[in-house]
Amino acid sequence: MTENIQNAAQNIYKPAIMKIVARHDEAPGVRTMRLEFQDPAEHDQFKATYRTGMFGLYGIYGEGESTFCVASPETRKDYIECTFRQSGRVTSTLARSDIGDLVTFRGPYGNRFPIEEFYGKNLLFIAGGIALPPTRSVIWSCLDQREKFGKVTIVYGARTVADLVYKHELEEWLQRDDVDLVLAVDPGGESPDWKHRVGFVPTVLEEAAPSPDNCIAVLCGPPIMIKFTLISLKKLGFDETNVYTTLENRMKCGLGKCGRCNVGSIYVCKEGPVFTAAEVSRMPAADL
Amino acid sequence: MTKILFTDKLDNCIERWKSAGRTVIGPVQKNNISTYDTVKSASELDLNLVLPDRSIKELFFPQSEPMLRYTIKKEAINTSEFLPPSGQRIIFGARACDASGLAIDDPLFGWDYKDEYWFQRRNESVIVTIACTKADDFCMCTSLKLAPDSPKGSDIMLRPLENKKGWQVEELTERGREAFKTIADLLQESNEAAAPTITVPEKFDSTACAEWLKKPENFESKFWKEISLRCIGCGSCTYLCPTCHCFDIQDEGDTYNGIRRKNWDSCSFALFTMHTSGHNPRSTQSARWRQRIMHKFNYFPGKFSANSCSGCGRCTRQCPVDMGITETLQEISKLSQ
């Protein structure tokens, strides 16, 4: 087979090269990396297309590509931040990578949170564990234009105190008087000096009892948490069409071709990953 | 009067096409398996098959396709691209089901993001289909509203003469017309009658099946478990299918040098949808078989207005446990009555 050197324009499978410029350990096995584009044209394309909610395929040649969200908001497009748990081949190698190392990125793909539609509304963010990163992207998109929104409430829970991610940002949100942050850890996960709630996210949410009036909820977490939190939101009077979540399925292409991320007839990579709870409830539950 | 290509002129045609720079491909026997492959002369072609064991898909979407070569040096990643080998091709003696399969997958590979590996080959290939004059018990094109002489995806349709001495030539597309200009003087005008196209009986009602599949309550029907009990998840049906397009992307090499490849994958495999966390949305073989049927006859038509099945019957013909789409859709036809 002939090997041609070609420009990247037409090969949809060719990733951009990114340099790791910063990294931060969030929790045991969980790391955030800040990546910068090396090719100005690729960066310009990212700036033109990226909107909060979209995802990417992060990769290391020789290991492969992994799908996760872009954890940085659309209001900060000089770089891409991603937060991942070290578990498979790609994430383990990413975790061993150092500042200055090169990795790859393909994207951004998928749909987005319709943030303009949230203007003038109260916002309720609910996240569990490692699902704060996709939520954080929306949180900062809104906090970076804080004046456009009403009350902002964040309910975040993790298994243990150590498992809370973005601890420095949680501290910042606690200090801000225009953000109401409710922190919780699962029973048994508290440390002796833990000053916040102990309990599971749905229970903590019901205790906090945010008003559903003129309020948009953004909910991200493991499937089991989503399931019970949706019940709690219903109890609190939230309409399914005002609750947004993101789905994450295994993907290889991210382009609607490789055939594995669909839930029922919905291709998560193209029609998602952002869905309202009303849309999710119409999907076949057994395929989630 | 119709244009006729006589079989004894076929060698001259192949010669002519080859000297015009085209590669000629057709059904051949190779290691006791019939498949589509490059031929040098007409004698290599096996045009008496009902259809080749392997589908035409791999001429456009190979089982393993190198996409990128990476070389990593300190502070730099060099990537070079593999493009599909370019060159005009004539695929002589395709079956209508195989040609339709290509047309079915075109919108999938072009959906927003254009897969050049597929389209470069598509744009450089002329599909010369021979209408079927025989079929076997597994053929089911008519159940999919296609036919043994369906023009979908073909550039030229050849209809075998009754006396078996040649074919009536029907030019379907500009691309086909262009390719046959090269051999215009080798064709003869004649009144020879074409043999009747084989009648393939309808085996199921695909419209009724589609209606049944669309009903949300049937997603969790116990039918899926019963019908797929003997599936061993080998993936043969997906690999032989002319429309199955699922793939994996894998790196072959080490930390410094290697090749990123696009490889066939299959919804029959447990690992296909497995999350890193261990959660698997389609964790049972019945869920995977349901996905295959739903995808072909419900999801795909919903997006691209065509079933992702051209009725070639390979999935059933070559299934090691005698399962297949035919049986499943026949059962669904019964359930939907």
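**Two chains: terms and values**

Q: What makes the radius of gyration of chain A agree with that of a compact globule?
A: The radius of gyration is taken over C-alpha atoms, and the globule rule is 2.2 Å times the number of residues to the power 0.38. For 288 residues a compact globule would have a radius near 19 Å, and chain A has 19 Å, so the two agree. Along the principal axes, the C-alpha atoms of chain A fill a box of roughly 65 × 40 × 40 Å. This is a predicted model, in which local features need pLDDT of at least 70, side-chain atom pairs count only at pLDDT 80 or more, and totals for chains, interfaces and linings use all residues. Residues are numbered from 1 along each chain as its sequence is written, while chains are lettered from A and ligands numbered from 1 in the order in which they are written.

Q: Why is chain B called as compact as a globular protein of its length?
A: Chain B has 337 residues, for which the globule rule gives 20 Å; its radius of gyration is 22 Å, close to that value, so the description holds. Its C-alpha atoms fill a box of roughly 65 × 65 × 35 Å along the principal axes.

Q: What makes β5 and β6 of chain A edge strands?
A: Two strands pair if DSSP finds at least two bridges between them. Six strands of chain A form an open sheet with antiparallel pairing, in the order β5-β4-β7-β2-β3-β6. Strands β5 (64-69) and β6 (80-85) of chain A each pair on one side only, and are the edges. From one strand to the next the twist averages 40°.

Q: How do you know that β2 and β7 of chain A pair?
A: Strand β2 (residues 16-27) and strand β7 (residues 102-109) of chain A share four bridges, in the antiparallel sense. One position is A:A16, which stands opposite A:F105 in β7(A). On this sheet packs helix α1 (residues 40-49) of chain A, which touches β2, β3 (30-37) and β7 of chain A and makes about 115° with the direction of β3(A).

Q: Which strands form the edges of the eight-stranded sheet of chain B?
A: This open sheet has the order β3-β2-β6-β7-β8-β9-β1-β10 (chain B), with mixed pairing. The edge strands are β3 (33-38) and β10 of chain B, as each pairs on one side only. The twist averages 35° from one strand to the next.

Q: What is the sense of the pairing at β1 and at β2 of chain B?
A: Strand β1 (residues 2-6) and strand β10 (residues 188-190) of chain B run antiparallel and are joined by three bridges; B:K3 stands opposite B:E189 there. β1(B) also pairs with strand β9 (residues 166-171) of chain B, antiparallel over three bridges, where B:W167 is the bridge partner of B:L5. Strand β2 (residues 23-30) and strand β6 (residues 89-94) of chain B, in contrast, run parallel with three bridges, and B:I25 stands opposite B:I91.

Q: Why is α2(B) called oblique to α3(B)?
A: Axes are lines fitted to C-alpha atoms, for helices over the stretch in contact, and angles run from 0 to 180 degrees between N-to-C directions. Under 35 degrees counts as roughly parallel, over 145 as roughly antiparallel, 65 to 115 as roughly perpendicular and the rest as oblique. The axes of helix α2 (residues 96-110) and helix α3 (residues 116-123) of chain B come within 10 Å and cross at roughly 140°, which makes the pair oblique.

Q: Which residues make the contact of α2(B) with α3(B)?
A: Residues are in contact if their C-beta atoms, placed from the backbone, lie within 7 Å. Here B:L102, B:D106, B:F109 and B:G110 of α2(B) meet B:W118, B:F119 and B:R122 of α3(B).

Q: What makes α5(B) and α8(B) roughly perpendicular?
A: Helix α5 (residues 206-214) and helix α8 (residues 285-304) of chain B pack at about 80°, with axes 10 Å apart; they are therefore roughly perpendicular. The contact involves B:S206, B:C209, B:A210, B:L213 and B:K214 of α5(B) and B:M294, B:F297, B:N298 and B:P301 of α8(B).

Q: How many residues of each chain are in contact with the other?
A: 38 residues of chain A are in contact with 48 residues of chain B. On the side of chain A, the elements giving two or more residues are β1 (3-4), β5 and β14 (262-263).

Methods
Two residues are in contact if their C-beta atoms, placed from the backbone, lie within 7 Å.
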